[in-house]
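Colleague: I'd like to learn how to read a model like this one. Could you take me through it feature by feature?

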Amino acid sequence: MLKSDTFFGGKRETPTPNSPFSASSNLTSGSSSNIPKASNPVSTPVNHSSSSTNEVGSKLIVGPNIKLKGVEITDCDTLVVEGRVEATMNSRVIHIAEKGAFKGSAEIDLAEIYGEFDGDLTVREKLVIYSTGKVSGKIRYGKVVIEEGGQLTGEVQVGTSAKPAAASPASSATSSAAATALV
């Protein structure tokens, strides 16, 4: 009984820091102290990603070497095109990367074009064409910014609906000519 007391009793607890089992007990106690530490880093990225989700909303990324063809994209706040997309869409933002291409019809608030867009494009707020960007087709926009080297060709109109263009046809023609002149 003395040996069992020694084995399970106070003597075992006293030499615990020096015994090989002390490492496991220290690991156990260390891991319990590490659990809050582990949960803190885990909670930080979750909070970070949830804050970026609030900024971005729903986002679809079509990566490089991906071809997405014959679809209708809806309920997507941001479309990032790094590959090739043939679609129709109504969204908030489209971002076409330098090697990306979009062919089809799009109605959006903001367009950032580094690559190629071909088709019907209605940008309710601002169309930005960077130096590597090429936009062609039937284009309507609220505002346009074309970086030196950017290309804009086709039927170009200022205003996103027929009503503003009909209200001021002179300003529509002037803005179209100015946008074409920048190209």
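Modeller: Let's begin with surface: accessible areas come from the Shrake-Rupley method with a 1.4 Å probe, and for residues, only the protein chains shown count as cover. Here the accessible surface of the chain comes to about 11,400 Å², and carbon and sulfur atoms own 57% of that. Before we go on, this is a predicted model, where local features need pLDDT of at least 70 and side-chain atom pairs count only at pLDDT 80 or more, while totals for chains, interfaces and linings use all residues. Residues are numbered from 1 along each chain as its sequence is written, and side-chain values use heavy atoms, with hydrogens and water left out.

Colleague: What average pLDDT does the chain have?

Modeller: pLDDT is the predictor's confidence in each residue, from 0 to 100. This chain averages 73, and 57% of the residues score at least 70. Over residues 10-16 the pLDDT is below 50, and beyond near neighbours in sequence that stretch has seven contacts in the model (contact means heavy atoms within 4.5 Å). Residues 162-183 also have pLDDT below 50, with 19 contacts beyond near neighbours in sequence.

Colleague: How many helices and strands are there?

Modeller: Both are DSSP runs numbered from the N terminus: helices are H or I, at least four residues, and strands are E, at least two. The chain has five helices and nine strands, in the order α-α-α-β-β-β-β-β-β-β-β-β-α-α.

Colleague: Is Ile-108 buried or exposed?

Modeller: Buried means under 20% relative accessible area, exposed over 50%, and partly exposed in between (1.4 Å probe, protein chains only). Ile-108 is buried because its relative accessible area is 0%. Of the chain's 183 residues, 29% count as buried. Ile-108 belongs to strand 6 (residues 101-113). Leaving out residues up to four places away in sequence, Ile-108 touches several others, including Met-89, Ile-94, Leu-121 and Val-123. Its C-alpha atom is 9.4 Å from that of Thr-78, 30 residues apart along the chain.

Colleague: And backbone angles: which phi value does Asn-65 have?

Modeller: Most residues other than glycine have a negative phi. Asn-65, though not a glycine, has a positive phi near 65 degrees. Asn-65 lies in the loop between strand 1 (59-62) and strand 2 (67-73), and counts as exposed because its relative accessibility is 79%.

Colleague: Where is Asp-75?

Modeller: Asp-75 is in the loop between strand 2 and strand 3 (78-81). Its phi is positive too, near 55 degrees, and Asp-75 is exposed, with a relative accessible area of 74%.
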